[in-house]
Amino acid sequence: LQGIDPDICLSGGWSQIIKKRILNEEAEEKGKGGFEFAYVMDNLALAPRRGVTIDIAHQEFDTDEYYFTIVDCPGHRDFVKNMITGASQADNAVLVVAADDGVQPQTQEHVFLARTLGIDELIVAVNKMDLVDYEESKYKAVVEEVKELLQQVRFNVDDAEFIPTSAFEGDNVSEDSENTPWYDGPSLLEALNNLPEPQPPTDAPLRLPIQDVYTISGIGTVPVGRVETGILKTGESVSFQPSDVGGEVKTVEMHHEEVPQAEPGDNVGFNVRGIGKDDIRRGDVCGPADDPPTVAETF
């Protein structure tokens with residue numbers, strides 16, 4: 001704790017400083033200096049070891065306007081199936097394109113998949129501007145490249161924000177940067193606050209596709225997923241299809257906090273009385289017992 005302000009220690013902020021230092025040292029040891037911020041989102045021990053995000057990670061994030069759930073998706077082509085899982089849970093997306101590399105094959109793949117999975121509006125962060133000396137010409141070249149890609153899948157580029165950022169240095173992330181005097185648009189935080197709030201289909205029957213199933217000691221079987229339509233409430237009888245099993249919802253948790261109900265867009269874990277881990281699986285859909293999800297005979 002040497003050299004740390006005692007006021008920060010008293011406020012509880014010291015744990016974050018220590019974590020930052022540990023992650024920084026870990027990144028330097030692996031020859032990945034500057035990656036310590038990425039490690040904050042990565043839960044798998046394997047991810048820091050390889051220096052890439054492997055699985056999706058969820059993180060709570062509040063602004064003055066909204067509460068967000070960040071779904072951090074892997075960019076590496078080896079883990080695109082996990083990117084699909086993550087993108088399918090999102091209402092909006094921030095597409096990160098490096099200023100020094102421009103559009104990569106993975107960028108193209110992610111844009112196509114985001115469109116297919118129902119994301120209609122993108123915020124594009126032209127990142128690593130510090131590596132190209134904040135040159136406007138580099139920014140404009142990447143913007144034109146990305147616009148051409150977006151138009152291929154009929155994204156409305158007129159509505160898209162293209163923000164020159166340096167995530168590592170903090171340029172145009174939460175505040176306007178003096179390093180980009182030629183840019184007069186919003187910061188990344190302002191762009192997030194300017195997103196239109198999705199109108200939740202709460203009047204439709206509950207439909208919650210299961211992303212994964214866990215066994216947690218002291219609780220039991222916990223399926224997790226994102227509420228697409230309707231409302232998931234504690235005490236409600238639900239049915240999982242096509243596994244054709246059901247039970248009563250005992251608890252609902254979001255970001256490790258128990259909540260009485262979950263609405264469309266909420267990523268939750270919930271415990272159902274009488275359901276075993278082997279009774280349901282990823283791909284099942286949860287709905288009310290009296291109005292269960294329809295199972296197709298052909299697809």
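**View 1. Asp291 and its partner Arg207.** In this predicted model, Asp291 is partly exposed, as its relative accessible area of 34% falls between the two cut-offs. Look for Arg207 beside this residue: the two form a salt bridge, with the closest N and O atoms 4.0 Å apart. Arg207 sits in the loop between H8 and strand S6 (208–216), while Asp291 belongs to the segment after strand S14 (285–288), so the pair ties together parts 84 residues apart in sequence.

**View 2. Asp212 meets Arg282.** Here's another of the four salt bridges in the structure. The closest N and O atoms of Asp212 and Arg282 are 3.2 Å apart. Strand S6 carries Asp212 and the loop between strand S13 (267–272) and S14 carries Arg282, so this pair links parts that are 70 residues apart in sequence. Asp212 counts as partly exposed at 27% relative accessibility, and so does Arg282 at 47%.

View 3. Lys140 pairs up with Glu136, their closest N and O atoms lying 3.4 Å apart. Both are in helix H7, four residues apart, or about one turn of the helix. Lys140 is partly exposed at 47% relative accessibility; Glu136, at 29%, is partly exposed too.

**View 4. Inside the largest nonpolar core.** This core has 32 residues, and Val126, Val146, Leu150 and Phe162 have the most contacts inside it. Several elements each supply at least two of its residues, including strand S4 (122–127) and helix H7 (136–152). H7 gives the most, with six residues. Zoom in on Val126 and you'll find that it touches, among others, Val97, Tyr139, Val142 and Ile163.

Definitions and conventions. Residues are numbered from 1 along each chain as its sequence is written. This is a predicted model: local features need pLDDT of at least 70, side-chain atom pairs count only at pLDDT 80 or more; totals for chains, interfaces and linings use all residues. Side-chain values use heavy atoms; hydrogens and water are left out. A nonpolar core is a set of buried Ala, Val, Leu, Ile, Met, Phe, Trp, Tyr and Cys residues joined through side-chain atoms within 4.5 Å. Buried means under 20% relative accessible area, exposed over 50%, partly exposed in between (1.4 Å probe, protein chains only). Contact means heavy atoms within 4.5 Å. A salt bridge is a side-chain nitrogen of Lys or Arg within 4 Å of a carboxyl oxygen of Asp or Glu. Lists of a residue's contacts leave out its neighbours within four places in sequence.
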